[in-house]
Amino acid sequence: MASYPVEAGDTSGVVEAVNNLLSGPSGLGQDFGGFSSYQTAYITGNFRTPYTTTTPTSLYVPPVNLATAAQLSGDTFEFIFATTQTPPPFVQGQGVTISGVADSYYNDTYNTIGVAACTTTNLILRTRGLFLPLQPPSTGGTAEYNRTSPTGPVDPESSFVLSTDCNVKVVVTGGTDRVFVAAQLLNTISYVQTTTSDLVYTVAIDRYKGFPNENLENPGFLFNFDERVAQQIQTFTGVTGTTGTLPLQNTIFSTLVDANIAPGYYWYLLNVDFYRTTGDIRVTTCELAQRSFTAQVVKQ
């Protein structure tokens, strides 16, 4: 292996060093990626991109009464609102929970794909798998959306984890490679509640490992949660008021070293989550301001 300073007679080491140099930054282990923005954006709560939008988007929608429910295909369901909703209550990609429909077959939390379309009069949801045979239409029930966990600490793989637009993909080629990551997030949090509550806010750097989707018509990669690299937790006790906004939160991760990673394709995401320990507080919007994220692979 090439070393510095180069020793006389180390022919193989010199050849290796020159080959690494000629192969460019990737050959030197400088697989680098980053994201930075100061533009205002709101977390959508989607399980797939886009993770943010430039228009205010609610992370809490109280139960909306439904008139009818119908299965359009093996993986598509339509729900008609009992009354017109202005504006449309759900955003494409959100994981809506349906309950109380007279045919219980329609009751579910549609997390994996979620909202395919939403207007002021109806809601169309998609599932990842097929449900056959088709079921007859049914009536009643409610549709709701809530991304504040009511049951305590949030598991990194939970549906309550919310991804931001701060993310980077890198390739690790050797078992001794290390990934240096750093991040910053400014976030303004708004809420609703009926009683004084305690809220816990977590910002985390999570690592996901990619694998081919094996779809010959639309090849690409899917990602599964691999490990939580770092997290910071902020607790707000005795939050008052039926509605309100918490002070601007500035979370900074100085450069961290993520080591002992198996070779592969990885996606680092800056995620947030919320859970309450007392009361019934629910976060309504997460407004992002200045934010950044970097990841760099360095060979050993």
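**Labels and their cut-offs**

Tutor: Let's begin with Cys286: its sulfur has its closest cysteine sulfur in Cys166, 13 Å away, which is too far for a bond. Before we go on, this is a predicted model, where local features need pLDDT of at least 70 and side-chain atom pairs count only at pLDDT 80 or more, while totals for chains, interfaces and linings use all residues. Residues are numbered from 1 along each chain as its sequence is written, and side-chain values use heavy atoms, with hydrogens and water left out.

Student: How do you know that the structure holds zero disulfides?

Tutor: A disulfide is a covalent bond between the sulfur atoms of two cysteines. The cut-off here is a pair of cysteine sulfur atoms within 2.5 Å. For Cys286 the closest sulfur is at 13 Å, and for Cys118 the closest one, in Cys286, is at 20 Å, so that is too far for a bond as well. The count for the structure is zero.

Student: Why are Cys118 and Cys286 called buried?

Tutor: Buried means under 20% relative accessible area, with exposed over 50% and partly exposed in between (1.4 Å probe, protein chains only). Cys286 has 0%, so it is buried. Cys118 has 18%, and therefore it is buried too.

Student: And what makes Arg228 buried?

Tutor: Its relative accessible area is 18%, so Arg228 falls under the 20% limit. Arg228 lies in strand S15 (residues 221-239); strands (E, at least two residues) are DSSP runs, numbered from the N terminus.

Student: What makes the link between Arg228 and Asp206 a polar contact?

Tutor: The term needs a pair of N or O atoms within 3.5 Å; within protein, one must be able to donate a hydrogen and the other to accept it, and residues adjacent in sequence count only if both atoms are side-chain atoms. The side chains of Arg228 and Asp206 meet at 2.7 Å, so the distance is within the limit. Arg228 also has a side-chain polar contact of 3.1 Å with Gln231.

Student: Which residues is Arg228 in contact with, leaving aside its neighbours within four places in sequence?

Tutor: With contact taken as heavy atoms within 4.5 Å, the partners include Pro156, Val161, Thr202 and Asp273.

Student: Why are S8 and S9 said to pair?

Tutor: Two strands pair if DSSP finds at least two bridges between them. Strand S8 (residues 114-118) and strand S9 (residues 122-126) have four bridges and run antiparallel, so they qualify. Cys118 has Leu123 in S9 as its bridge partner, and a hairpin of three residues joins S8 to S9.

Student: What makes S12 and S15 edge strands?

Tutor: The open sheet has four strands in the order S12-S18-S14-S15, with antiparallel pairing. S12 (162-172) and S15 are its edge strands, as each pairs on one side only. Neighbouring strands of this sheet are turned by 20 degrees against each other on average, direction ignored; axes are lines fitted to C-alpha atoms, and angles run from 0 to 180 degrees between N-to-C directions. S12 pairs with strand S18 (residues 264-278) over eight bridges, one of them between Asn167 and Leu269.
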